Amino acid sequence: MRTRVTEMLGIEHPIVQGGMQWVGLAGLASAVSNAGGLGIITGLTQPTPEDLIKEIDQCREMTDKPFAVNLTILPTIKPVPYEEYAQAIVDSGIKIVETAGRNPEPFLPLFKEAGIKVIHKCTSIRHSLKAEKIGCDMVSVDGFECAGHPGEDDVTNMILLPLAARRLKIPFLASGGLGDGRGLAAALAMGADGINMGTRFMVTKEAPIHENVKQKMVDASELDTSLIYRSLRNTARVFKNSVAEQVVEIESQDGETRFEDIQPLVQGVKGRELFDSGDLDKGIWSAGMVVGLIDDVPTCDELISRIVREAEEIINERLGSTVSA
Ligand code: NAD
């Protein structure tokens with residue numbers, strides 16, 4: 001498949017692995033890139049900018065294909081030196097960055113001067129148009145189905161993608177709810193130039209998380225996610241475990257929820273312990289509705305080849321025969 005995404009990013013297949021806290025390490029990113037997609041290292045998973053430089057170096061030893069770094073700017077428990085992470089990305093010679101969470105405008109002069117292509121993740125059309133206006137090269141349009149932070153508008157990709165196709169000039173990825181060849185074919189049909197997948201890549205052999213977590217997502221249905229932080233206007237879609245249910249319960253109580261009331265339950269370090277130990281009620285973890293479509297744990301190479309093959313079959317055969325009948 002050749003699209004504006006494969007051309008701009010210099011990759012073989014129009015499939016990008018989204019930034020994921022604790023999951024986007026060199027091993028997964030290089031596996032996705034080696035399989036012909038675009039792997040992404042998650043910047044803030046590294047405790048310091050120096051560690052990020054080391055992780056990027058390690059990824060370069062594992063692949064000679066393009067890969068990117070994600071920089072997410074959202075509320076955090078500890079302050080993050082974003083400028084230092086951005087500088088580490090530039091100093092490492094990275095040529096593609098995925099930004100998310102907030103308007104990336106303050107970082108664009110630095111990235112553009114370094115010849116970096118910026119993909120900004122947006123959960124609305126207005127933010128996508130703004131990203132185009134300020135000079136982002138591509139957007140990742142993140143529908144309400146997505147894992148992590150879907151924003152506060154609750155618009156699904158069936159509406160967002162055709163709107164993005166009508167209004168944007170720059171290429172865009174469909175993100176949220178994508179996990180198979182049907183999704184890729186549908187995203188292309190709705191005007192996207194490729195797809196971004198997070199949750200689906202968590203359930204691969206190379207994802208650095210405990211087998212229990214992967215198996216839980218294989219067993220899950222499309223009903224097994226929860227929306228937390230709604231009351232704080234920092235909504236996140238996470239796997240529906242006992243901790244997520246406690247957070248929702250606290251938020252539904254009368255009166256205003258303070259972040260302090262839920263912080264012990266949701267802190268990122270607990271999520272990391274959950275991924276390492278396989279104790280599924282240790283904390284929370286981001287997961288999208290696409291868990292309902294996931295029923296195996298393939299390698300990244302098997303997954304990407306299968307998705308592309310299925311999408312090509314749908315386009316050439318099922319859709320082709322529909323119009324030629
Ligand atoms: P953390 O331990 O600092 O915080 C845990 C969670 O609480 C995060 O979801 C964070 O957004 C939220 N949070 C923190 N302070 C808050 C406040 N004052 N009000 C409302 N919510 C608050 O975070 P972490 O697990 O180390 O993750 C680091 C960053 O990566 C966070 O900004 C997180 O949101 C982000 N992240 C993004 C995605 C994604 O979908 N792109 C997925 C996972 C994490």
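1. Basis. Residue numbers start from 1 along each chain as its sequence is written. The model is predicted, and local features need pLDDT of at least 70, side-chain atom pairs count only at pLDDT 80 or more, and totals for chains, interfaces and linings use all residues.

2. Ligand shell. Around the ligand there are 22 residues, of which Leu-74, Pro-75, Thr-76, Gly-148 and Gly-268 come nearest (a residue is near if its C-beta atom, placed from the backbone, lies within 6 Å of the molecule). The shell comprises 11 nonpolar, 11 polar and no charged residues; here Ala, Val, Leu, Ile, Met, Phe, Trp, Tyr, Cys and Pro count as nonpolar, Asp, Glu, Lys and Arg as charged, and the others, Gly among them, as polar.

3. Helix pair. The axes of α3 (residues 49-62) and α4 (residues 82-91) come within 9 Å and cross at roughly 30 degrees. α3 is therefore roughly parallel to α4 (angles under 35 degrees count as roughly parallel). The contact involves Pro-49, Leu-52 and Ile-53 of α3, and Glu-84, Tyr-85, Gln-87, Ala-88 and Asp-91 of α4 (C-beta atoms, placed from the backbone, within 7 Å). By class, this contact has 5 nonpolar, 1 polar and 2 charged residues.

4. Positive phi angles. Trp-22, not a glycine, has a positive phi of about 75 degrees, and Trp-22 is buried, with 21 other C-beta atoms within 10 Å. Arg-233 has a positive phi near 55 degrees, but Arg-233 counts as exposed, with 9 C-beta neighbours inside 10 Å. A residue is buried if 20 or more other C-beta atoms lie within 10 Å of its own, and exposed if 12 or fewer, with C-beta atoms placed from the backbone.

Note on methods: Axes fitted to C-alpha atoms, helices over the stretch in contact; angles between N-to-C directions. Helix = DSSP H or I, 4+ residues; strand = E, 2+ residues; numbered from the N terminus. Parallel < 35°, antiparallel > 145°, perpendicular 65-115°, else oblique. Contact = placed C-beta atoms within 7 Å.
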